Amino acid sequence: MKKISILAAALACMFSVAQAKVTLPSVIGSNMVLQRNTDVNLWGTAEANKKVKITASWTKEKFSVKADENGKWATTIPTADAGGPYTLTFDDGEKTELTNILLGEVWVCSGQSNMEMPVGGYMYQPVDGALEHIKEAYKYSDIRMFTVPRCTSNTPKEDCDTMWRESSPMTVRTFSAAAYFFGKELQKILNVPVGLITANWGGTRIEAWMSKEALDGVQDRNIDYDKKYRGPNTNNVLYNGMIRPINKFTAKGFIWYQGCANRYNWFDYAKLQKAMIEGWRKDWGNDKMPFYFTQIAPYCYEGHKLRGTPLFVDQQWKCADEVENCDIVCTTDIGDYSLIHPAAKDKVGQRLANLALTNDYGIEGLPVKYPRFKSFEKKGNKLVLSFSNMCPPNTFDPADPTQQDCFNARERAKGFEVAGADKKFYPAQANHMWCKNTIEVWSDSVPEPVAVRYAYQNYSFEANVRTLLGLPLPSFRSDDWEMEDIGIK
């Protein structure tokens, strides 16, 4: 009897192999959102050389693809306008059916702990408005979430062990806050389903998220510095384990929140981020795919008066200025002296969403252009600062008393410093010149100012300049002097 049982088991095993059912990666599953009105990638495995028939309930068209000698197959199918729920069926003689599929907008959300931070917060580190967002999660059932598990791998991985989840109090509570608030804004304004794929790992450097090819392509980075400071998670293990399993999935764009772990090589960050963006766009097959990211927020780090953080922030803005279809949201106003994970993730998500809504969905009137320092003019012991994006172009009439300057007028501007030729900076007083869209700054300690800085510290307790719609003025400096008070070695 024992021999018969063994033989029966062997035959059953052989039969199951011969009738191999279509297998799909976890990112292609029930409850997912597929990018609307485009050709989306589908891939998986089946019996070697077998035809796989594909049926999508949003169209009468039939599709098929043949598996290769190793059983692998890949194809694209067209999607339709936003809607659902739909089904997607794969048949190689045995059917595999996916249900509750929506067509809408898909975004990839990645980074370190400030992207990973869930709506429910970290211990002793809450997220603003978390409870209300969690309680009303069922109202946004058209938001679907896919979280890639933490995984390091020395070889490229084809799949990850997780699934798509609908918005509910439990799933929202444990999902990336910045990503969820971003998706929620898109869903509210566009009124279409939104799919959010998130791959995050706190404390990781940007190098860890880059392919070996992309990292090796940054030929002019500081190699000696890399050898000294690059830790075990700064090669491509995270790219292999967390980006490769999702980088065939058709998406609209990326949002990114990372940087704290790269403050030590701030001078290399712009070229590294540019190389990562180029690499990811190549992976996803779209060299113009939107990429929006978040400026790291003010925090005390090695000391709040030190200046390592704004040097890094300068590199982030440099990347945003130089890369096409790329932009940054400013967080000068939402940092926390004692918490590296700011609570105002709702503002981060909303600001990222405003960029996407404006640039990719044609929504006009949203605040997306931050005031930027342009130049100054010296007048006696004062510097008169000029800015871009202070007001909408050609709409401000200083003769019209009903119009106002875009800057918030409720409190005097603070957070400025000026220096003379001795390169010593002192806190400055500031005054808005309402009819000229300028700010004049001065200090009694600096009779002949030649340079100005704003919020140019790890954490400024005073910086408060913002527009009437709440966009903060990014930190800046007019000088290019070498600094010794960086605080990072």
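Helices α5 and α11 cross in a right-handed sense in this predicted model. To find the spot, look at residues 177-190 for α5 and residues 345-359 for α11; the two axes come within 7 Å and cross at roughly 45°. At that angle the helices count as neither roughly parallel nor roughly perpendicular, and α5 and α11 are therefore oblique to each other.

Now zoom in on the side of α5 that takes part. A177, A178, F181, F182, E185, L186, I189 and L190 are the residues it brings to the contact. Facing them from α11 are K345, D346, V348, G349, Q350, L352, A353, A356 and L357. Sorted by class, the α5–α11 contact holds twelve nonpolar residues, along with two polar and three charged ones.

Next stop, the loop between β4 (62-66) and β5 (72-78), where you'll find G71. Leaving aside residues up to four places away in sequence, G71 touches G44, T45, A46, E47 and A48.

Finally, move along to an open sheet of four strands, which runs β17-β16-β20-β21 with antiparallel pairing. β17 (425-427) and β21 (476-477) are the edge strands, each pairing on one side only. Elsewhere in the sheet, β16 (residues 416-419) pairs with β20 (residues 451-454) in the antiparallel sense, over four bridges. One handy landmark there is F416, whose bridge partner in β20 is Y454.

Methods: Residues are numbered from 1 along each chain as its sequence is written. This is a predicted model: local features need pLDDT of at least 70, side-chain atom pairs count only at pLDDT 80 or more; totals for chains, interfaces and linings use all residues. Side-chain values use heavy atoms; hydrogens and water are left out. Helices (H or I, at least four residues) and strands (E, at least two) are DSSP runs, numbered from the N terminus. Contact means heavy atoms within 4.5 Å. Axes are lines fitted to C-alpha atoms, for helices over the stretch in contact, and angles run from 0 to 180 degrees between N-to-C directions. Angles under 35 degrees count as roughly parallel, over 145 as roughly antiparallel, 65 to 115 as roughly perpendicular and the rest as oblique. A crossing is left-handed if the near helix is turned anticlockwise from the far one by less than a right angle, and right-handed if clockwise. Ala, Val, Leu, Ile, Met, Phe, Trp, Tyr, Cys and Pro count as nonpolar, Asp, Glu, Lys and Arg as charged, and the others, Gly among them, as polar. Two strands pair if DSSP finds at least two bridges between them.
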